[in-house]
Amino acid sequence: MLTIEQALLRPGAYLADAYDIAVIGAGHAGCEAALAGARLGFQTILFAINLDSVGNMPCNPNIGGTAKGQLVREIDALGGEMGRAADKAMIQFRMLNQSRGPAVLSPRAQIDRRKYQSVMKQTLEQTENLDLRQSEVVEILVEPASHDPAEGPGSVLPRVSGVMTRTGAIYPCQKAILTTGTYLEGKIIIGSCQYSGGPDGMFPSIGLSDSLRGLGLDLVRFKTGTPVRLNFRTIDFSQTERQDGDAQVVPFSFEHEEDPVYTQIEQQPCYLTWTTPVTKQEVEVNLHRSPLFSGEIEGVGPRYCPSIEDKFVKFKDKERHQVFIEPMGRDTYEMYLQGMSSSMPEDVQVRMMRSLPGLSHAKIMRSAYAIEYDCLDPTGLRLTLETKAVQGLYSAGQVNGTSGYEEAAAQGLVAGINAVRSLNGQTPVVIDRSQGYIGVLIDDLVTKGTNEPYRMMTARAEYRLVLRQDNADRRLTPLGHELGLVSDARYMAYLAKQARIAAENERFRKTRVAPGEKVNSLLESLGSTPLKPGAGTSLADLLRRPEIHFDDLAPIDPDRPGLSTAERFAVEVDLKYEGYIRLEQERIDRFLRLEHRELAETIDYAAITGLRLEARQKLSRLKPASLGQASRISGVSPADIAVLLVYLDARGAPHA
Amino acid sequence: MNMDRAQLNETIAASATPPGTSGVALIRLSGPASKAVAAAIFRPLSPRFPAADAMPGYTCAPGWMIDPISATQVPLDQVVLTHFSAPHSFTGEDVYEITCHGGTAVRQAILDVLFRLGVQPAGPGEFTRRAFLNGKLDLAQAEAVMDLIAATAGKRAQAAARQLQGSLSGEVRAVRTDLYNLLARLELVLEYPEHEESHDAQADLSSGLAAVMAQVAALAASFRQGRLLSEGFTVVIVGRPNAGKSSLLNALAGYDRAIVTPVAGTTRDTVEELVDIGGIPVRLIDTAGLRDTSDLVERIGVDRARSAILEADLILWLISPPDDWSSEIFRLDQSRVDTSSLDEELDELRDLSEKTEALLLVAGKDDLAASAPLREWLASELPDLPLVPFSAQTREGLPAIRQAIVDRYDRAGNAQADEALVTSSRHKACLDKTLYSLEAAALELERGDLLDLVAALVRSALDNLAEITGDLVSETLIETIFNRFCVGK
């Protein structure tokens, strides 16, 4: 634990400019955190070990996908940057899960990663109050815990007072947000070759881990990996299956809805190929050389992102695996080989890669590697992403044990917002599990922890029918506006859109459809049961039929107003799924009642009669913010929650 | 019926009297929707009495319990309804107490109707907890309540653990595993739509769903047999009016329990008696005389008798010589005996003997001269059915009947040892809800390819099942996906 005064005694140390907020790491979490802080009026500095790595995608060159696409839409709805930047750098778009239901529709885009970086970097550079600085932070400086008897019994937590860089600069600040990604004590592993290094050829961050441990934070070691990059010119695409984007591009950002600049883009294809028996054989023969199986890798890797050697070992019966070849950008021939992540030695990587159809003569430009890194145990965080051990210290992104650009950006935004709320002396902003995937993500992390890099999945959300990509604005834009991240102009546009949707919904309910030849022939052509004579119905009831969609009814609905694709879709979903959504809303209402029962951090769980021992220990350690959060801690039973309810009422805590 | 679903979810019911047979039983209903629910299921005996929702607090009214969802709305029982209006009730909420007849079947039927309407089974210490939360208990009692909840939950956990040992546990786990696998397949398709594994996973979803539904339905159906273990062996006495059923019941019970009169149709309702026969707890049920009747009350009794017959572990079918069989006629010429009055009963017996083996024919009034020709005639018409003569006067045949009950119990017990049995009505309610969600899922799967809805319904089925198994769906689900499928980048 180091104070500014103590740090100043170090050789070469000097006092640099003071800031309100210092953000450590300029990846996807750091960019959102810094933008939120600066846009909400606070002097913010954003550090990167290398300014050419700002907003980098060191692994797959895409943004979105199942659950992740929903996250990006939520980030955008709240006033974050990822969606806007992705729209500007998009080179292919697909809406995943077409026809499987609106709850799982997920936008996913291939991204020109250099373009994304330059868009993001320029946005940062142009933002008032925000300074971008290439420098490696090695110390978090604090004011130690106060033992002033005037402040009551016990000690107050240490409080962030500044950060110190490797070159000796001391930047005083009130809030520090850790967004170090996979850089902390990073180690690159390729076969038996191991060296200290960060992702994508960057320097690692050395020493900051020790500073964090000194502050009482628990660190764990995780691992992840990335596949080889190949030269487009050396691939025989005739042996692969071409995969084009959708004809209709849906931009991530609600600001870009129906804007031809973002919907009329030139798209690039991906390609599909497969592993062969030779690939499998290469893995089997060389398994003893894999650091994963020889025990040289100590970090825990993600199950959902297994290396190719993992796949062959774990699923022995599976003869072949899919491999996608994806472009890295418009101005490069580099191609990403999705599905072939590996930490095998380089010679094995070459032979494995060349065993794939179309790749027999391919040239590797960058090797596959595994990377081990330090991250925080996220159960040491509050729902605001502030650490429980140090006041004013927040953390977001991969350093919290997640994986994925979208998960990182979502956390960065929440950490930035809450740092600002705290600076303003305002109540924290917590998005709950019924409001967004962002809420599910953060609640899962801080309540349950994770023993592998955590990836967002739609299956993790209890209220999936409500948490849709199409209604992210309805769920979060009012909050974004209230916070000040969504402009008045955008908010007005949002309100107008919602008004149009509501009016159209009402019109559909009220407009009667009489049986007649025109109506019935239309219904028959759609494979739908014709109306019986005398049995009129409403447009809404017709739309509720599974086989009928909004646009189908145009011939018998001459009075319909001109609505955007998104608005028409919203009306259709609202009406078609009305019953299911109402049921889910009831579940949400019940969920919220526990969620709104606050638990003070000062509660002495050891003194509550009726709690089981395990529950007492877990509650004392995790200090949940609400009864709802408490109920999700493993080891806390429904009976324990009932006991807590009675305890709260006995003390007259307010009902929600 | 217009009931707020959210309010229903907050409304609870449970039997307030202990399980087993008693003269009367009490079912307590509490919560914001209790008024609407009570109004829906209660028909006042006459217009002189108010509807349930018009009853002032602290008053009671006689009437019928009906099932408002069933088409026929056959009364379930005649009851007395007592209303305690909020906040002047035990829980502080609107409370109705239903005083019904003490039979297990009656009580379960009423609870089933409540649960089907959306009322929730009360949790451990739930009434007390609500009483506390609504300020009906003072602060000093708070800790006692917490202890109570902990203790009740502990006991319930022990009981659940016990119940989950043995075959029920195996069956529930099998269902749960199959459901997880099904949901994992669905989620895989939704999570990795571009992955080849998801194409295979999408095939045969509906047959997989149908298979799990059959499992759940079979488990739910085992509830009836499960009661044998928890609530006794059921013996039903059936026969035409005035065949002497009440006399047989009294003989087996050892004292005068039912009203025995020579007027046909005296026993207008089912009468239950819990007796010890050879160390076995036996629920003896005397049914109303089986005959078509225009008397409403009696007709209910008759309907009840028919449903009791189907649920019985052993049926004692009492058949006595018709009154017009005089000994005189038999002596003269047996062929002249007119058996036409027994034809209908004979058909019912033949029909029943095809449905169940648990049938014992008792030739009653063995003290009458006409009984011998009756036995001969029965033996010739129904040669495969075991037949025991019985006389209430001389007690002849009583030991044989008691032995038949013991034999049947042993056989039933052995047969059921291998089957999974659902023995608690809470579990039954969970299984019913599970089945309902799965039926809805199957319907959605059939209607179209909106797998998000199918997945939501399968998930809610698992949530329902989790009330028996107590596990967290999301954790197990993700585990299942990654153990079964090779997906990811």
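## Chain B in outline

Of the 489 residues of chain B, 42% count as buried. The structure described here is a predicted model. The secondary structure of chain B amounts to 18 helices and 13 strands. Among the contacts in chain B between residues at least 6 apart in sequence, 67% link residues that are at least 24 apart.

## Domains of chain A

Chain A is divided into three parts: domain 1 covers 229-372, domain 2 covers 489-577 and domain 3 covers 596-650. Between the C-alpha centres of domain 2 of chain A and domain 3 of chain A, the separation is 49 Å.

## Helix H15 of chain A

Helix H15 of chain A comprises 23 residues, 488-510. From its first C-alpha to its last, H15(A) reaches 33 Å, which is close to the 33 Å expected at 1.5 Å a residue.

Five residues of H15(A) are buried, namely A:Tyr494, A:Lys497, A:Ile501, A:Glu504 and A:Phe508. An α-helix has 3.6 residues a turn, so residues three or four places apart point the same way. The cover over the buried residues of H15(A) includes helix H14 (472-483) and helix H18 (565-576) of chain A. Strand S24 (537-538) and helix H17 (539-543) of chain A also belong to this cover.

## The three-strand sheet of chain A

Strands S4, S6 and S5 of chain A form an open sheet in the order S4-S6-S5, with antiparallel pairing. Strand S4 (62-64) and strand S5 (90-96) of chain A are the edge strands, each pairing on one side only. On average, neighbouring strands of this sheet are turned by 20 degrees against each other, direction ignored.

S4(A) pairs with strand S6 (residues 106-111) of chain A in the antiparallel sense, over three bridges. Within this part of the sheet, A:Ile63 has A:Ala109 in S6(A) as its bridge partner. Strands of a sheet pair through backbone hydrogen bonds, either parallel or antiparallel.

A:Ile190 has A:Cys193 in S13(A) as its bridge partner.

Two residues lie between the strands of this hairpin. In the hairpin, A:Gly191 takes a positive phi near 60 degrees.

Terms used: Residues are numbered from 1 along each chain as its sequence is written. Chains are lettered from A and ligands numbered from 1 in the order in which they are written. This is a predicted model: local features need pLDDT of at least 70, side-chain atom pairs count only at pLDDT 80 or more; totals for chains, interfaces and linings use all residues. Domain bounds come from an automatic or database domain assignment. Helices (H or I, at least four residues) and strands (E, at least two) are DSSP runs, numbered from the N terminus. The expected span of a helix is 1.5 Å times one less than its number of residues. A residue is buried if 20 or more other C-beta atoms lie within 10 Å of its own, exposed if 12 or fewer, and partly exposed in between; C-beta atoms are placed from the backbone. Two residues are in contact if their C-beta atoms, placed from the backbone, lie within 7 Å. Two strands pair if DSSP finds at least two bridges between them. Axes are lines fitted to C-alpha atoms, for helices over the stretch in contact, and angles run from 0 to 180 degrees between N-to-C directions.
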